[in-house]
Amino acid sequence: MSKCTGTRGRVWFKALTGQEKPMPGDPPSVLVADAAIGEENARFLCVVPDPDSRFPCARHGEVGLEQAYTLGARIREVVNDEPRRTSGSSSLPRPIIAIVDVKSQAYGRREEIGGIHLAAAAAADAYATARFSGHPVITLIVGQAISGGFLTHGYQANRLLAFADDNVLIHAMHKEPAARITRRTVAQLESLAKTVTPLSYDVRDYAKLGLLHKLLSISNPENPSADDVSLVHNAIAEAIADTRKGPTDLRNRFESDAAKTARKASRLIRARLEEEWNQ
Amino acid sequence: MSSLADVANLSDIAKGGVGAKSASISTREYLQRRSFIELNARERAKALFDSETARELAGPFDRIESPWLAIQGVTPQADDGCIVMRGTIGGNQAVVIAFNGAFQGGGIGEVSGAKLTAALDLACRDSENGKNTSAVLLLETGGVRLQEANLGLAAVAEIISSIIALRAHAPVISVIAGPVGCFGGMSLAAGVSSYIVMTREGRLGLNGPEVIEEESGVEEFDATDRTLIWSIYGGQQRYNQGLIDVLVDDDADQTIKTVNELIAKGVPPINRSEQVDVYRSRIAALDPSTQWEPESVRSFTSHHK
């Protein structure tokens, strides 16, 4: 695993927006910028490491109190601004793009005292509210997307895009603690993950669960070429267009072709509840 | 910067700690009341409904179990630890979803997660069609069930989304009675609810003490320090901080009455998790340069009622 968690987030934020500074008043760990995607002006958000963060448990790319509330505020700014949009060329709600490379939520005493669950809920709420209000919300996973960090930043998107390489990690928990808590060795966990798809740490297996819109093959994810950037731009634009054709909820994650196989039990329980609801 | 020591008096909070009786009732009343915590998930759900109106959906006889546990040598349960009941509460249409903390720590798996999401979505569909249907979540959960890892995490994201969709029409009430509490991703589900109800025995937080000790060290969090744990996560502290709406005793009648009142009250004018600027400015005013000790935990949200 790359020790430089979070460096990809910054690289891709800069590649896609041409900017690399936080907005005034925001902590250095949250990068937000407005930039073009196709003909449109989208809002991009990314959480990056800040070795000098005033919260010691949120210095390595974790999503903590400040990061979560900053995301929430910057997303709500876009949603609340919409009614004042000029009725000009584009009257569609602006896209919101989450660039995700987060190692986890922040694990600290101060965070729990400060109610990090509410901070995380407020960010997820803002993303979901934007989505329900018709803003296409697209998540681009360029590195890690772990646990509460991902729930806070990115998992509420209409469409999820991820790079197909070994340094991309989408999971409920890192391998070592997950093995310990389920009383296994890492080797046992890895062996099980070959047959139990939701346990796998390979993004190509994650793609089989039916949650992901697309896997993107990037030649150099650490230092992208112009072609890499153009490919990602086009994939985001395509995901925005695809989003606008469908509903604003997350039903696509149950209805995708891959979900029909991997999430059979989810679909079965949904169907059964619907049958019995009005009996 | 605010001083950390100037507000909360944690010694008062500690007096109301685990199992302590409320000062508001007599010993006789305390002994006579019916515990809510001692009820199992199915009994808890049923107790909330108007009599004879509760009907369980996709129950244990449907036998829709987790498909992922047996292959890992874990015995599945016929209801996957999640009970869904429909009926009326105070004459209003309602669905109750109760987690069984005794099965896999109430962990969210593929089936239990999809069950909750589906119940919320059906309540939302009825509400959109003019038949407002409230939801009550009885949360006893450590969060994602790690044997179902990525499908559990995905389910939590979907649960959050479906709560947000429903709460625009009808209240979604999270009740955290204990003893497991509400942790991990499901703390976000509680966070986006219209209302949160807790007992003093309930606990609410994103990361539990053991996880913090493991990830950040024992000096960050000593998971054996019960005073510290309850001073942070306990229902009394969460109530003092304004992070929940109602603190109840471990009393079934009081819990039922509270849920009835909140359903009758309807949707709040603004939900807690929508008030980003309020909470963001409170965090900005705190000084995290030194560790926060239990006796100096400032009730920084105490002005929010």
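A salt bridge is taken here as a side-chain nitrogen of Lys or Arg within 4 Å of a carboxyl oxygen of Asp or Glu. The model is predicted: local features require pLDDT of at least 70 and side-chain atom pairs count only at pLDDT 80 or more, whereas totals for chains, interfaces and linings use all residues. Residues are numbered from 1 along each chain as its sequence is written, chains are lettered from A and ligands numbered from 1 in the order in which they are written, and side-chain values use heavy atoms, with hydrogens and water left out.

**View 1. The side of chain A that touches chain B.** Elements giving two or more residues to this side include α2 (65-81), α4 (116-132) and α12 (264-277) of chain A; helices (H or I, at least four residues) and strands (E, at least two) are DSSP runs, numbered from the N terminus. The largest share, 12 residues, comes from α4(A). By residue class, this side holds 42 nonpolar, 19 polar and 18 charged residues. Ala, Val, Leu, Ile, Met, Phe, Trp, Tyr, Cys and Pro count as nonpolar, Asp, Glu, Lys and Arg as charged, and the others, Gly among them, as polar.

**View 2. The open sheet of chain B.** Its 7 strands follow the order β1-β2-β3-β4-β5-β6-β7, with mixed pairing; two strands pair if DSSP finds at least two bridges between them. The edge strands, β1 (55-57) and β7 (246-248) of chain B, each pair on one side only. Strands β2 (residues 82-89) and β3 (residues 92-99) of chain B are paired in the antiparallel sense over 8 bridges. Within β3(B), Asn92(B) is the residue opposite Ile89(B).

**View 3. A salt bridge within chain A.** Arg43(A) and Glu77(A) form a salt bridge whose closest N and O atoms are 2.5 Å apart. The pair links distant parts of the chain, 34 residues apart: Arg43(A) lies in strand β2 (residues 40-47) and Glu77(A) in helix α2 of chain A. Over all chains, the structure holds 42 salt bridges.
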